[in-house]
Amino acid sequence: MFRLTIPLVAGIFVSDHFFQGALPVLVFGMGILGCLIGLIVLVKWQGYLSRWLFGGMVFMFLFCVGALLLQQKWQRVDYEWSSGKNMYQGVIVDVPQEKAKTYLCKLRIDKEMSERGMVPVNRMILVYIMKDSLSVNLRCGDHLNFYTRISTPEREVIPGEFDYAAYLFRQQISGTAVIFPGYWQWTGKKSALTWKQRAGVWREKILDSYRKWGFSGDEFAVLSALTVGYKEELSEDLRETYQVAGVSHILALSGMHIAVLWGLLCWILRPLDRSCLLRWVKCGIIVLLLWTFAFLVGLPPSVIRAVVMCMLMTAARAAGERTLSLNTLSVAAFFMLLYNPFYLFDTGFQLSFLAVLSILFIYPVISRYWRVRHPVPRYIWGIVAVSLAAQLGTAPVVIYKFAYFPVYFLPANLIVAPLVLVIIYGSVASFVLSPFTVLHIWVVKGLNGVLWLLNNSMQWVGDLPI
């Protein structure tokens, strides 16, 4: 699977950087058809000496598949909006996010006014709706009529600067707009929520529970980011503190969080390991709960990668096979890129796969240098070895994307690893024990204290001299 993933990645990369919708989809489609015909001929031929030609044809086929998938994605995003203000119909497809003066809404534009009347569009945009007495009641699934000018993001970027337009396009956002009070209205219709939208509503309920229990400030921001992937409350100072300390990855849900949850589920469901049938039942329960959590946090690429790998490892355990390998990682990457080739350019996707790849190959080399028998030093050395392997693997991307390299990432990770474990398990316990008032209060107080300790520890690490 690793060898098959390479040409798929190459096709996506080349198509994005050199064509970006300019080359007709027909060309890549004909390339796929030609490769298929060539493969059929080679299979019928069955000549051993032609094996290199068969392999090359498979590579070309997957290269064209990756290029075609990305071209199709670009076509679904690309749209020429009216140069001036116009009337539109759309539906809010995600939970509105409250900003200082606006509500940020992700809208699917269904129709646009033209000389022929309302014509179908079916494109996603980001809309900033100015706050007033009506906008506070906006909800996911609401249908709106509104009058505004939609702008296509301009791809004029200073070399080395963040390409915000490309970021929006790869998030399948075709434009941005601002809507002022009095220029929008409800249509009276409300769409049935999808599973992903329902998960967003449930995430808001979890955040409301945190607020009701007394979490606030930086403690609430970090707890929300760690448990449900909500990062809107993170201040710039707090982000910078974790970035300088070299542990900003914990603020974005990733493999570590899923691994903690997976480990907890495996421990709880240990009684089902008694027979082959029960192991497969256990596998089904774990996979269902992990995907439920992935939907709850919005399906970021790093979480999808981790859930797919945990799903494969759980199935491997049920079948009595090896649980983690390069092949497992490649399967996750291959099918994720087939589903959405834009994942390749997501920083979380890149860091997530590079970190696991480094742990697979570099961690065994590092851990071999010191064999520890006592459990406490062995635990500490394990954290050091894993952190060092992950940082070495992700260093090129970190330096290129963020122009820095964390110096004190080893002591920071030694502090973070146990505290994050306590926070995640503590947040689960706070919901489980919510009916028991006294126990719940003590759990919440303890959790708040651990969050305070985590934030101040990272501040201390960030203030160390370089």
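Predicted model: local features only at pLDDT ≥ 70, side-chain atom pairs only at ≥ 80, totals over all residues.

Trainee: Great. How many residues does α15 have, and how far does it reach?

Mentor: Helix α15 covers residues 409-432, which is 24 residues, and spans 34 Å from first C-alpha to last, close to the 34 Å expected.

Trainee: Where is the kink in α15?

Mentor: At Val416, shortly before Pro418, and the kink is about 25°. Val416 is also one of the buried residues of α15, along with others including Phe409, Leu419 and Ile423.

Trainee: Which helices do those buried residues pack against?

Mentor: They pack against α5, α6, α7, α8, α14 and α16.

Trainee: Changing topic: which residues form the nonpolar patch on the surface?

Mentor: Met87, Met113, Tyr147, Val178, Phe180 and Tyr183, with about 530 Å² of accessible area together. Tyr147 sits in strand β5 and is partly exposed, at 36% relative accessible area.

Trainee: And how many salt bridges are there?

Mentor: Seven. One of them joins Lys190 and Asp142, with the closest N and O atoms 2.9 Å apart. This pair links distant parts of the chain, strand β7 for Lys190 and strand β5 for Asp142, 48 residues apart.

Trainee: Is Asp142 buried or exposed?

Mentor: Asp142 counts as buried because its relative accessibility is 8%, and the cut-off for buried is under 20%.

Trainee: What about Asp273 and Lys282?

Mentor: They form a salt bridge too, at 3.1 Å between the closest N and O atoms. Asp273 is partly exposed at 35%, whereas Lys282 is buried at 9%.

Conventions: Residues numbered from 1 in each chain as written. Heavy atoms only, no water. Helix = DSSP H or I, 4+ residues; strand = E, 2+ residues; numbered from the N terminus. Expected span 1.5 Å × (residues − 1). Bend = angle between axes of the 7 residues up to and from the residue. Buried < 20%, exposed > 50% of the residue type's maximum accessible area, 1.4 Å probe, protein only. Contact = heavy atoms within 4.5 Å. Patch = residues over 30% accessible without salt bridge, like charges linked within 9 Å, V, L, I, M, F, W, Y side chains within 5 Å. Areas by Shrake-Rupley, 256 points an atom, 1.4 Å probe, with all protein chains shown as cover. Salt bridge = Lys/Arg side-chain N within 4 Å of Asp/Glu carboxyl O.
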